[in-house]
Amino acid sequence: MYTSPRKMRETMPQTPIFSSMLGSSCSGQVQPDMGERCVDPVYQDGNLVSGSLEALIERLVPTMDYYPDRTYIFTFLLSSRVFIHPHELLAKVGQICIKQKQQLETGTEAEKENGTVKKIISQMTQNLLMALSARSQYQEIREKFRQPVTDKGTILKTKPQSTQKDILSVCCDPLILAQQLTYIELERVSNIYPEDLMQIVSHMDSLDNHKCRGDVTKTYNLEAYDNWFNCLSMLVATEICRVVKKKQRTRMVEFFIDVARECFNIGNFNSMMAIISGMNLSPVARLKKTWSKVKTAKFDVLEHHMDPSSNFCNYRTALQGAAQRSQTANSNREKIVIPVFNLFIKDIYFLHKIHTNRLPNGQINFKKFWEISRQIHDFLTWKQVECPFEKDKKIQSYLLTAPIYSEEALFIASFESEGPENHMEKDSWKTLRTTLLNRA
C-alpha cells in the first residue's frame, strides 16, 4: 500500500526539540535508538542538547524509521556555518545519502543510480560555490560604492534659513507619521536574513577557532538598519532644535511624543525608541524652558516602557504582549511587531558570549543554538508581515532625505534658542562660537 511522504513524516520518529521551541511540543516524539554506542548526540528529557558535528549532520538525513523535525533542520543549518562551510556540509550530506542507498540496494542498477546521485551532488556543490562567490563579489563591489554610514541627506553644520520646511508642514498627523515610519521599518527588516543575524556569531568565532572564514562578509543589512535608527534620532533632535520660537518648539516636542505613542500602539518599538532617544539627546534635553511648557505625562509613560532597569523589563513585557497579540491576530495591522533592533542584537550577542560553542568533551553545545534560533525565528516571523499602510512618497521622502544637524550644529541651535545656564554650558557655548568665528 502506498504511503505518502507527508504521512511518513507524521508517523516517523523526529528529532526531539524543546517544548518552547517555535511553538512546538516534544510530546509524542521518540528519541532515536542509539544502542550501546557512546552517547552522541546527547539528549536530556527527550531534547537534543549536544553532539559531535558528524552526529548532528547524520540527524539531518532521513532513514527508514526517522525523519528530522523541521525546527532541527532550521536550527542546524542556521548554526552550522559556525563550524563548517555550506558546500562542505552539502558534500557530507550527499555522502551519507549515497551510503544509505548502497546499504539498501545492490547490483549494477544501484551502482548506476549512485553514479547519477554523485553527479547531481557535484553539480549542486558547484552551484553553491558559485553562488557564494557571486555574493562575496557583490559585497565587495557594494563596499566600494556605498556611502559612509553617517550619510543621510545633508549633514548641516549651521542652521538653515527659516524658510526651509519642517516635518509638520509635510505631515501634522501623528498616526499617519507613525504608519509611514512603520512602513520604512518593515521595508528595512525585509532585507535582513537569518544568515545576516548568525554572522554576529560567525564573525566572532571564525569557523570555531579561526580555521578559515572566507565566506564571511560584513553585515551590511544590519549596519544599514542600525544607521536608520541613528538617523531617525538625529532627525527628531534636528526638527526640535531648529525651531526658533518656544511655542512652536513646544508643539514640535509634543508632536513627536504623540508619534512615539502611536508607534507603541502599532507595535513599532524600534521607531518609538529612536524618537525617545532623539528627545533625550543633550541639545534637546537641556531645553528646560521648552520642556516646562510640554505636557509630559505621555512622555513619562513612554520612558517607563523603555526604562533600561532590570534589562529593559518593561519593554520586554510590552514586546511579549505585542507578540501574543500578533499570534492571534486576524489582520496584518494587529500582527505588526518590530522590536528594538539593537536590543535584539545584544540579546543574541549575550547568548553567544555566556555559552560556549563546544562543551568540555568537544561536542557542539546545541542547546545554545536552539535558543539563538528561537529568537531569530521570532524575528523572521515578524518581518514577514505585509505592511497594511499605503506608502506616502512625500512623507517618506522627507523622512529619508531631509537634512539633519551635526552634533555641533544641534548644540549651536540649542544654545541660540535657550542660552547656557551653568559654567559647563557657558564654556561649551564659548568654544562653539570660537569655532564658528574661525571658520568665518
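This is a predicted model: local features need pLDDT of at least 70, side-chain atom pairs count only at pLDDT 80 or more; totals for chains, interfaces and linings use all residues.
1. Strands S1 and S2 pair in the antiparallel sense over 3 bridges, and S2 covers residues 47–51.

2. The pairing of S1 with S2 belongs to an open sheet of 3 strands, in the order S1-S2-S4, with antiparallel pairing. Strand S1 (42–44) and strand S4 (364–365) are the edge strands, and each of them pairs on one side only. As background, strands of a sheet pair through backbone hydrogen bonds, and the pairing is either parallel or antiparallel.

3. Next, a single residue. Leu-53 lies in helix H2, which runs over residues 53–58. Is Leu-53 buried or exposed? Leu-53 has a relative accessible area of 12%, and buried means under 20%, so Leu-53 counts as buried.

4. Which residues does Leu-53 touch, leaving aside those up to four places away in sequence? They are Phe-76, Phe-83, Ile-84 and Ile-364. Ile-364 is also a residue of edge strand S4 (364–365). A separate distance concerns Asp-40: from C-alpha to C-alpha, Leu-53 and Asp-40 are 9.8 Å apart in space, while in sequence they are 13 residues apart.

5. Two helices deserve a look as a pair. Two packed helices are described by the angle between their axes and the distance between the axes. For helix H7 (residues 174–189) and helix H19 (residues 393–401), the angle is about 65 degrees and the axes are 10 Å apart. H7 is therefore roughly perpendicular to H19, a label that applies to angles of 65 to 115 degrees. The crossing in which H7 passes H19 is right-handed.

6. The residues that form this contact can be listed by helix. From H7 come Ile-176, Leu-177, Gln-180, Leu-181, Tyr-183, Ile-184 and Arg-188. From H19 come Ile-395, Gln-396, Leu-399 and Leu-400. Sorted by class, the contact of H7 with H19 has 8 nonpolar, 2 polar and 1 charged residues.

7. Finally, the chain as a whole. How many helices and strands does the chain have? There are 21 helices and 5 strands. Of the 440 residues in the chain, 44% are buried, and Leu-53 is one of the buried residues. Taking contacts between residues at least 6 apart in sequence, 75% join residues at least 24 apart.

Conventions. Residues are numbered from 1 along each chain as its sequence is written. Side-chain values use heavy atoms; hydrogens and water are left out. Axes are lines fitted to C-alpha atoms, for helices over the stretch in contact, and angles run from 0 to 180 degrees between N-to-C directions. Helices (H or I, at least four residues) and strands (E, at least two) are DSSP runs, numbered from the N terminus. Angles under 35 degrees count as roughly parallel, over 145 as roughly antiparallel, 65 to 115 as roughly perpendicular and the rest as oblique. A crossing is left-handed if the near helix is turned anticlockwise from the far one by less than a right angle, and right-handed if clockwise. Contact means heavy atoms within 4.5 Å. Ala, Val, Leu, Ile, Met, Phe, Trp, Tyr, Cys and Pro count as nonpolar, Asp, Glu, Lys and Arg as charged, and the others, Gly among them, as polar. Two strands pair if DSSP finds at least two bridges between them. Buried means under 20% relative accessible area, exposed over 50%, partly exposed in between (1.4 Å probe, protein chains only).
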